[in-house]
Amino acid sequence: MSLVKPLSIEHLYRTCDPKIFPFETTDELENQQEIIGQPRAVHAIQFGIGIKQNGFNIFALGPEGVGKQSIVRRFFLAQAQQDPVPSDWCYVHNFEQTHRPNAIELPGGMGIQFCESMQNLVEELQTAIASAFESDEYRTRRQGIEEEFKDQQEEVFEGVQRQAAQHNLMVLRTPAGLMFAPTRDGQVIPPEEVQKLSSEERARVETDIEKLQEVLQEALERVPDWQKELRSRLRSLNREMTEVAVQGLIAAVRKKFNDFDEIRSYLDAVQADVVENARDFLADEDEGQPGSLAAAMQRGARRAEGGIFRNYEVNLVIDHSNSTSAPVIYEDNPAYQNLIGRVEQIARMGALVTDFTLIKPGSLLKANGGYLMLDARKVLTHPYAWEGLKRALLSSQVKIESPSQMMNLISTITIEPEPIPLNVKVALIGDRFLYYLLARQDPDFNELFKVAADFEEEMDRSPETVTEYAQLIAALVRRYRLKPHHRDAVARVVEFSSRFIGDSEKLSVMMNSIADLLQEANYWATEGGAEIVRAAHIQQAIEAQLFRANRLKERMQETIVRETILIDTQGARVGQINALSVLQLGSFAFGRPSRITARVRLGKGEVIDIEREVELGGPLHSKGVLILSSFLGSRYAPDHPLSLAASLVFEQSYGGVDGDSASSAELYALLSAIAEAPIRQSLAVTGSVNQHGEVQAIGGVNEKIEGFFELCKARGLSGDQGVLIPHANVKHLMLREDVLAAVASGQFQIYPVKTIDEGIEMLTGILAGTADEAGNFPPDSLNGRVQTRLVELARKGEEKQENNQ
Amino acid sequence: MMNSATGGSIRRILVALDASPNSLTGLAAAAELASKLGAELVGVFVEDINLIHMSEAPFANQVGRFSARRRTMRPGQIEREIRAQAEWARQALQKTAERAELRWRFRVVRGSISAELIAATEDTDIIILGQTGWSDRRRLGSTAQAILTQASKLTLILRRDVQLGLAVMVIYDGSEPAKDALRLAGELALFERGKLIVLVIAEDSRARSALRAEVLEWTEPRNIPATFQWITAADPFMVCSIAKTEKSGVLVIPKDGPLLSDEAVLKILNDIDCPVLFVRQPRT
């Protein structure tokens with residue numbers, strides 16, 4: 001019998017020799033690079049930035065912590081330096097449709113000039129208009145018009161009075177009107193004397209009064225027309241004076257912005273509006289005059305809001321006066337309004353109102369002409385944010401409206417700002433699940449995010465890549481302002497990286513974990529008063545991370561050591577084996593042994609997986625059990641029915657079990673039970689099995705080995721303890737130092753196993769045996785014993801069947 | 001040389017009230033003046049006897065000033081309307097006086113408006129009148145004209161939309177009324193903390209210098225800052241235009257002076273923009 005040889009120490013851990021590094025500390029490294037191992041993603045990002053067509057936005061996908069955002073940002077920033085400063089945008093009042101403010105585009109940095117020009121203009125207009133209205137010319141002309149009106153009025157009334165005097169009548173003023181009274185010698189005739197007048201005289205007086213009343217009525221009826229004419233003449237005088245005052249000032253602004261059509265037509269509208277509302281520029285002309293409460297409140301409200309000049313303000317929403325390159329923006333709270341922009345409202349006289357000065361830009365506008373980075377998960381979890389983003393990108397414009405407006409649910413007064421054309425490169429950053437989910441579920445997604453930058457989590461470990469890795473570490477040290485790292489520390493990080501990814505031939509590119517480790521090691525170095533971070537500090541950091549995480553692991557270990565959970569680590573038992581499983585708690589994983597037992601009896605050829613029967617087993621576990629029952633039948637009973645009933649169980653397992661990594665262990669337990677050959681309990685087993693009896697690779701091999709080792713160590717290493725692992729997993733080994741020490745001193749062994757036969761020989765100490773041409777195994781071999789038992793069971797089965805018939 | 005017939009003796013201010021905007025301006029100016037001089041405010045409302053008589057006549061119709069509609073008067077209607085106006089005027093006076101913390105009196109009399117007002121001036125020191133009558137014309141109303149020619153006291157005539165200003169301008173020709181006018185103008189300038197502009201009417205520069213010396217003799221001991229303007233004749237147009245250039249807040253005119261005829265005074269009143277205060281020698 002040639003048993004499998006345990007692995008020698010060099011297979012268990014791939015060290016990194018600090019001597020391969022041509023430096024003492026990372027300070028000496030000049031070529032520092034922060035991006036390694038991501039050629040595919042880098043290519044995609046560069047392509048995404050370079051291509052200008054619509055829809056070629058980037059989705060950076062990959063696991064958390066590989067540095068997606070910082071890599072995307074780095075490329076965006078580099079490109080933004082080359083790109084021109086984008087346009088400024090401002091919103092101005094639309095004098096024709098007040099609810100639809102106009103957007104005006106200006107070259108970057110000119111927006112603020114326009115804004116200031118308008119501010120100055122309003123200030124100057126106030127002075128200019130006030131002086132126009134205070135000028136002698138205006139006063140004289142106004143008085144002239146008013147006098148003319150008065151003269152006209154006077155003339156008519158004097159005419160009436162003259163006519164009255166001719167008839168010995170006088171016009172008297174009553175509280176509500178005018179009346180005629182007969183006079184004598186310029187005095188009104190007292191009523192008693194009127195009574196004495198002859199009837200002819202009275203009739204004459206009455207007729208005269210009648211006539212004059214008609215004349216007076218006619219005159220009074222013309223008053224409103226005169227007043228109307230007066231008002232209209234005063235209005236045109238006001239307009240004329242304002243035009244003169246305003247023209248020059250507005251022309252100066254117009255000259256400055258003559259190249260911009262939109263500003264020219266805006267200024268025309270401003271001029272017309274100022275002329276129309278010139279009286280508003282005259283400060284408090286109605287102050288001190290008694291007025292209605294409503295008018296006073298209106299004046300107060302107007303003043304509180306910046307007054308009537310609000311309409312001439314410029315709301316500079318995008319200002320690039322301090323920019324030197326295109327913007328690169330990361331929106332960390334991509335709620336709908338932060339993304340698209342919003343129109344704020346203010347309370348006025350108890351109602352919510354708004355205007356163009358309350359338009360606030362979102363990050364899409366801020367990044368317009370540049371680059372915007374968003375966290376895909378956050379965008380998807382904020383209501384309407386994803387819809388809003390898609391609408392903006394599909395239509396290549398930003399239309400600022402509230403979500404309720406978007407859904408036609410608006411109930412307060414609002415405005416519809418003119419949409420602004422959008423030219424922005426968006427990078428969504430998210431995990432692979434989200435990318436594939438969106439790609440499958442949202443047809444727009446594939447139209448809008450055509451560039452997938454797929455980030456790796458690992459890279460090959462070779463002398464060249466290790467050198468690059470050292471440069472990466474140096475870059476991280478600089479970025480986080482850490483103490484210089486000695487080359488032995490760098491070597492230790494390289495080893496950690498392989499262990500982190502669970503593969504001695506690979507290195508992890510999960511930048512977050514590496515950066516965390518470096519920072520923690522730096523902390524310990526500082527605590528220890530060291531100026532340079534050494535391997536010991538890295539080790540201390542690794543152990544401290546483990547210690548903080550492994551409370552549950554220790555409790556579970558304790559239940560086994562105290563034999564609450566029964567796991568044997570010595571002796572031999574039929575149908576009982578130590579399998580190994582891995583528990584993942586957040587980012588921390590650890591292995592633990594589980595006891596699997598198998599029992600057989602006469603039956604109909606079923607292998608009952610008790611985990612599956614009670615629905616504690618997952619599909620992969622069930623698959624493993626079905627494979628092994630197929631292996632059993634085809635190998636040992638190809639010609640006769642399999643007449644056994646076998647049951648398999650994970651003892652003391654109270655939660656779900658999934659994965660097929662225990663299928664080899666289950667097969668060993670089954671073979672042991674059939675052949676009644678005891679299994680060494682000092683060994684634990686991991687690996688899956690196929691229908692040909694080959695042992696296949698599994699995940700978490702390091703954690704599994706360490707899990708069993710810790711139990712054995714706690715009980716005292718006997719020297720014959722060890723773990724059977726699939727041969728294919730040897731390259732993944734990056735075991736802990738204490739395991740390595742135990743192996744080196746011969747107290748613990750790792751056996752790489754290729755087939756079930758190799759494994760069962762190790763476990764039972766009995767030769768597996770090879771079948772002859774007829775398919776029969778030697779009777780003394782383990783396979784022979786299995787075969788004999790199965791044939792025996794088949795015969796018993798047939799007998800039983802005959803008896804039943 | 002100056003007697004004490006005028007200045008410093010304004011203790012009661014008469015304001016004629018008829019509830020029109022003009023009389024309200026008069027009331028505001030009266031209150032301002034009363035407050036400065038510590039004088040009492042006397043409001044008089046005259047029930048126009050002519051109106052009351054006429055309303056009893058069988059053919060009494062009135063034409064609405066705004067509506068231009070003819071309405072027959074019901075018996076007692078005018079009286080009721082006039083009473084309501086009087087009450088309104090009383091309230092306006094009370095409110096104004098209380099706000100300015102003034103002593104005040106209010107009287108309703110019945111009779112001819114100008115005659116009753118002239119009678120009311122007897123126990124007051126100054127009368128304040130709005131300038132216009134029932135239309136918006138600039139010309140002086142008949143009541144104001146009558147008071148101006150007949151009343152023996154100080155008369156302040158206000159245009160509707162003009163208030164008392166800081167600069168006080170006085171016409172000075174060396175006559176006794178002019179001296180009174182100067183004295184009053186000086187006091188007003190002191191109260192207002194404003195300047196005094198003396199418009200000297202003198203035929204030649206020698207006469208002007210003499211008049212100027214007279215004025216200075218009176219103003220300098222009292223620290224009243226005075227500036228001088230000179231015209232050779234009492235030309236209403238010149239007076240108005242100087243008042244305008246000097247931005248005069250009130251023009252003080254000596255009535256009954258030898259150089260200013262009644263006609264000239266009326267012309268000034270019709271053309272000027274600022275309030276005008278007439279100073280008249282008491283008829284004793």
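The following questions and answers walk through a predicted model.

Biologist: What is the mean pLDDT of chain A, and how is the model to be read?
Modeller: In this predicted model, local features need pLDDT of at least 70 and side-chain atom pairs count only at pLDDT 80 or more, whereas totals for chains, interfaces and linings use all residues, and side-chain values use heavy atoms, with hydrogens and water left out. Residues are numbered from 1 along each chain as its sequence is written, and chains are lettered from A and ligands numbered from 1 in the order in which they are written. The pLDDT is the predictor's confidence in each residue, from 0 to 100; in chain A 96% of residues reach 70 or more, and the mean is 89.

Biologist: Over which residues of chain A is the pLDDT below 50?
Modeller: Where pLDDT is low, the predicted coordinates should not be read in detail. Such a stretch, with four contacts (heavy atoms within 4.5 Å) beyond near neighbours in sequence, covers residues 285–292 of chain A.

Biologist: Which strands stand at the edges of the open sheet of seven strands in chain A?
Modeller: Strands (DSSP runs of E, at least two residues, numbered from the N terminus, as are helices, which are H or I and at least four residues) pair if DSSP finds at least two bridges between them. The order in chain A is β23-β24-β22-β21-β26-β29-β30, with mixed pairing. Because each edge strand has a single partner, one side of each is left without a neighbour in the sheet, and these strands of chain A are β23 (606–609) and β30 (748–753).

Biologist: In β24(A), which residue is the bridge partner of Thr597(A)?
Modeller: Strand β22 (residues 588–602) and strand β24 (residues 644–650) of chain A pair in the antiparallel sense over seven bridges. Within β24(A), the partner of Thr597(A) is Val649(A).

Biologist: How many Å apart are the end C-alpha atoms of helix α23 of chain A?
Modeller: The expected span is 1.5 Å times one less than the number of residues. For the 18 residues of α23 (residues 619–636) of chain A this should give 26 Å, which agrees with the distance between the end C-alpha atoms, 26 Å.

Biologist: Is Ala245(A) buried or exposed?
Modeller: Ala245(A) is found in helix α7 (residues 199–256) of chain A, and beyond neighbours within four places in sequence it is in contact with Ala128(A), Ile129(A) and Ala132(A). Buried means under 20% relative accessible area, exposed over 50%, and partly exposed in between (1.4 Å probe, protein chains only). At 17% relative accessibility, Ala245(A) therefore counts as buried.
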